[in-house]
Amino acid sequence: MKKVIMADDEAVILKGLKNMIPWEKLDLTLVDEASDGTELFEKIIKERPHIVISDIKMPGLTGLEVVKRAKDYGINEIKFIFISGFQEFTYAQEALAQGAVDYLLKPVGEQELEDSLHKAIALSEEHSVSELFKEHEDEIEILFRRINEGNEIDSRELKKSFEASQIDLDHKVFIGISFGILPPDIKRLRTQSLTKYHLTQFSIFNRLIESFKDQKLGFTVKKEEDVIHMIAVLPEEEHAGFFERYIQPIRSELEAEFGVDLHIGIGMRTDNISQLKNVYKSSRFAFANYFFEERAVLDFENMHKDYTVSFDDYTRQIEEVFQSILLKDGRVLEHVDNALKMIYEIHYGNPYAAKTRVVHMVEELKQKMNQYSLLQNTPQMESEDLQQKIEGALSFAQLHKTVMKYYEQLVAQIYQSERVCEASSIEQVKKYIRDHYMEDLSVKKVAKVACVSQNYFSAMFKKETGENFKAYLTGIRMAEAMKLLLDTDMKTYQIGEAVGYNNVRRFVDAFRAKYKMSPMDYKKSLK
């Protein structure tokens, strides 16, 4: 039974991968797991596994650094399978050059992971890759079958078409290329006539297939509604200028003949035929990024981005938008713009996810505003109309413009209503309390902050928060006291003074009423 170590800094991904592997069927056993590269290397030294399945970019050491250190340590027999996202795909070629068995792009399918493990097992038993895949066509057949499952194009027909092309695969470089009509032209043609659009698209795709076949330039792997995915097969010495030499002439000819602009996504280049699926995936990724980049030709090798924005950052930014609306600080549109930029970063490469996130953002902010009844009697763009415009956007820039215009109009309408004045005043007061809870606060003093009478303030505060001013202030003070009690060695009277009590007895009584014991008894209970 062969030993396996798995590594990923995201526990949920690690769990998913473990569940995908048929351990008993493959005669494999999981001997350990790691959450960063340094830990992985230490466990490799300890366990000496046959196979390592790892994310390629983790805290500590990267996957590539682990491979190099293992070799320096004299461990050369381990078969590495790397798994990662598009943003780290630049590591793919180096990983394979370092001897990795395979490099799989997320999301990983069960069958492709199992295929990679079969390959790793065979290699660990000193079988060669050529014995594992006796013919190049085996890898081609797998590609057609996996990619075209459930598609209207029969993978067997694609395989026959490939065999008829008689393309020599020896000493070649494989390059993924995805073709389609540029989105603005698709919209224009569809508006004129749906039949005309389909006829134009059909003719262009057929001409591309014929051109590739006539020149023995490559083969088709999949057709979709608005795109055809192909793989170019070129001599190693010709791949550097392949676009200008082979693709640009075809593109210019088709654009002139059909009166449209073509949209092209170019994928990774590799001389490893087992990476054909990633060649296809990377060109598909590049093609989809017109939505983000708005360029007719997108080359995957020039598109890599560092992802620096987290979902936590985004969540905080949404709260900033809402607080800005309530406080009427004049920065609402600035915060909305920042939230949209974060969505761009988080979902770069996935137009559907970006659109869905923006729709969710609008709905979330709407619900927050409804909690304060800010949208009552406020004319606004219908949610369905806005959602349709977001979903129909051809680019993120277009989506961004639509959403910014929506909030520009909405905020102006909200600020004209009387309702926002009360809500805004209460939010200002709550912020003032959070900033000044350690001072001697009274209803009279805080009512002045809200610029209203004491009686009106008390009624308004209770209506908006569900509790009176004194109870709210005490809650803030007790929460801060608890933090000091847990995190410091301050004495009881010092904590009381720090949270706004000049009388230690009053502080102890308030603490006991809230937590059912004195501050010192609570601290003793922790010990």
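1. Six bridges connect β1 with strand β2 (residues 28-34), and the two run parallel. The model is predicted. Within this pairing, Ile-5 lies opposite Asp-32 of β2.

2. β1 also pairs with strand β3 (residues 51-55), again in the parallel sense, through four bridges. Here Val-4 stands opposite Ile-51 of β3. Of the six residues in β1 (residues 2-7), five are buried, so the strand is largely enclosed by the rest of the structure.

3. Lys-79 belongs to strand β4 (residues 79-84). Lys-79 is buried but forms no salt bridge. A salt bridge would need a carboxyl oxygen within 4 Å of the lysine nitrogen, whereas the nearest side chain of opposite charge, that of Glu-77, is 8.0 Å away. Beyond its neighbours within four places in sequence, Lys-79 contacts His-50, Ile-51, Val-52, Val-101, Ala-120, Leu-123 and Ser-124.

4. Helix α12 (residues 242-258) has 17 residues, which at 1.5 Å a residue should span 24 Å; the C-alpha atoms at its ends are 24 Å apart, in agreement. After α12 comes Gly-259, with a positive phi near 65°.

5. The buried residues of α12 are Phe-242, Phe-243, Tyr-246, Ile-247, Ile-250, Arg-251, Leu-254 and Glu-255. An α-helix has 3.6 residues a turn, so residues three or four places apart point the same way. Among the elements covering the buried residues of α12 are β6 (172-181), α11 (194-214), β8 (228-235), β9 (262-270) and β10 (297-299).

Technical notes:
Residues numbered from 1 in each chain as written. Predicted model: local features only at pLDDT ≥ 70, side-chain atom pairs only at ≥ 80, totals over all residues. Heavy atoms only, no water. Buried < 20%, exposed > 50% of the residue type's maximum accessible area, 1.4 Å probe, protein only. Lys, Arg positive; Asp, Glu negative; His and termini not counted. Contact = heavy atoms within 4.5 Å. Expected span 1.5 Å × (residues − 1). Pairing = 2+ DSSP bridges.
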